[in-house]
Every structure is written in C-alpha cells, then in structure tokens.
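Keep the structure open while reading.

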Amino acid sequence: MPQTKTKRRLQRPKRLPRGKHNGVELLLIQSVDHLGRPGDIVEVRRGFAFNYLLPQGLATVATDHHKRMVDKHRERLQQIEEARLSGLRQLAAELSKQSVTIEANANDEGHLYGSVGAHDIVMALKKNDVSITEDQVRLKGPLKELGLYTVGIHIAQEVEGELKVWVVPTVGGETPATPEPAEDEDDED
C-alpha cells in the first residue's frame with residue numbers, strides 16, 4: 001500500500017476587528033502609557049497587538065460582548081482606577097518628603113570621576129524600602145557634580161513626584177548621613 005502524504009494546513013491567526021485606520025481594535029485591560037486607560041478601546045498596529053499588548057495581558061480583543069461588559073461596569077472600573085491612583089499619589093507625596101544620599105568619587109573641585117544615573121538612584125531608594133524602576137526616574141542628564149539635585153519620578157500616567165538627591169564625596173570608610181538644612185539654635189548657657 002502506498003502511503004499518501006497529507007498536507008498540514010498552517011493555522012492562521014484569528015482575525016481581529018479592524019479599526020477606521022486599518023489597525024487592530026483592542027480593549028485595554030490595564031493602563032498603558034501613551035495609549036490609554038483600562039476600558040478604552042484603542043486602535044494599534046497588528047505587530048504591537050500580537051507581540052506586546054496581547055501576550056503581556058495588557059489588552060484583549062474588542063468584541064461586541066466585551067464592549068457591552070465594559071459599558072456595564074465602567075463605573076466600577078473607574079472606582080478601581082481612582083483607588084489605584086490615590087495609592088500612587090500617596091507614594092509620590094512620600095517620595096517628595098524623602099531625600100537620598102549617594103556617595104561618588106570626586107576631585108577637589110567637585111567634579112565626579114564618573115556620573116550618578118538612574119540606576120544609582122533606584123538602588124539608594126531600595127535601601128529606604130521604596131521600590132521603583134529605572135525608567136520611572138526622569139533625569140535631564142547624568143549627575144556629574146557634587147550637590148543637591150531635584151529629580152523627577154514618573155510613577156504613573158498622571159502621577160509625577162520629585163525626589164531630592166544629595167551627591168556627596170566618598171569618605172574613607174564612613175557613610176555620611178543625609179545633610180540636613182541648618183537650623184538656628186539658641187545657645188543655652
């Protein structure tokens with residue numbers, strides 16, 4: 001008996017709903033910077049949908065059923081988002097009250113031999129039990145001199161904070177304390 005070859009058909013990806021501009025319509029599950037909030041229906045390119053949004057669980061296919069469910073639960077979704085944002089605003093307020101000290105090798109004129117970047121700031125914050133990522137630190141450039149800097153922290157789409165960063169020279173073996181502003185003290189004799 002001769003064997004016959006059977007052709008295997010490649011399974012094509014499921015067709016996704018098309019938008020006005022020939023992109024793919026998706027419903028956001030989580031907030032995505034520069035794209036939208038949970039519950040928004042967005043139109044993106046096919047590759048962005050298949051390679052990033054769908055595998056990461058940030059979006060789902062915008063079917064009529066999903067659209068109806070979002071409309072039905074929009075108020076609840078908004079309450080959840082407001083609760084999340086209030087927690088992030090508290091984190092921003094906590095960060096603005098803090099300052100971190102980073103030791104760096106410097107010459108006598110105050111110029112650093114290297115530079116202080118986002119990674120150094122994130123590591124200093126981890127010592128204070130604050131966890132942020134390097135891409136949330138907004139530097140206008142690397143810090144190359146000793147001194148006090150105010151650094152922007154991008155916590156979420158609508159939440160920004162500031163952090164005071166002290167760059168101090170490395171002292172042989174001792175860790176300097178965070179410099180405090182001088183206060184007028186009355187001498188008691």
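Strand 4 and strand 9 (residues 159-169) run parallel and pair over six bridges. The model is predicted. Across this pairing, Val100 sits opposite Val165 of strand 9. Helix 2 (residues 64-97) packs on the sheet. Helix 2 touches strand 4, strand 8 (147-156) and strand 9, and its direction makes about 25° with that of strand 9.

The sheet is open and holds four strands, in the order 4-9-8-6, with mixed pairing.

## Strands 6, 8 and 9

Strand 8 pairs with strand 9 in the antiparallel sense, over nine bridges. The two form a hairpin, with two residues between them. Strand 6 is also antiparallel to strand 8, over two bridges.

Ile153 links these pairings. In strand 9, its bridge partner is Gly161. Val137 stands opposite Ile153 as well.

Helix 3 (residues 118-127) lies across strand 4, strand 6, strand 8 and strand 9. Helix 3 runs at about 125° to strand 4.

A second open sheet has three strands in the order 2-1-3, and its pairing is antiparallel. Strand 2 (41-44) and strand 3 (59-61) are the edge strands, each pairing on one side only. From one strand to the next, the twist averages 45°.

Strand 1 and strand 2 pair over four bridges in the antiparallel sense. Here Val24 stands opposite Val44 of strand 2. Helix 2 packs on this sheet too, touching strand 1, strand 2 and strand 3. The direction of helix 2 makes about 35° with that of strand 1.

Helix 1 (residues 46-56) lies across strand 1, strand 2 and strand 3. Helix 1 runs at about 25° to strand 1.

## Helix 2

Helix 2 contacts strands of both sheets. It has 34 residues. From first C-alpha to last, helix 2 reaches 47 Å, close to the 50 Å expected at 1.5 Å a residue. A kink of about 65° is centred on His73.

Which residues of helix 2 are buried? They are Val70, Glu81, Leu85, Leu88, Ala92 and Leu95. An α-helix has 3.6 residues a turn, so residues three or four places apart point the same way. The buried residues of helix 2 pack against strand 1 (24-28), helix 3, strand 8 and strand 9.

Technical notes. Residues numbered from 1 in each chain as written. Predicted model: local features only at pLDDT ≥ 70, side-chain atom pairs only at ≥ 80, totals over all residues. Heavy atoms only, no water. Pairing = 2+ DSSP bridges. Contact = heavy atoms within 4.5 Å. Axes fitted to C-alpha atoms, helices over the stretch in contact; angles between N-to-C directions. Expected span 1.5 Å × (residues − 1). Bend = angle between axes of the 7 residues up to and from the residue. Buried < 20%, exposed > 50% of the residue type's maximum accessible area, 1.4 Å probe, protein only.
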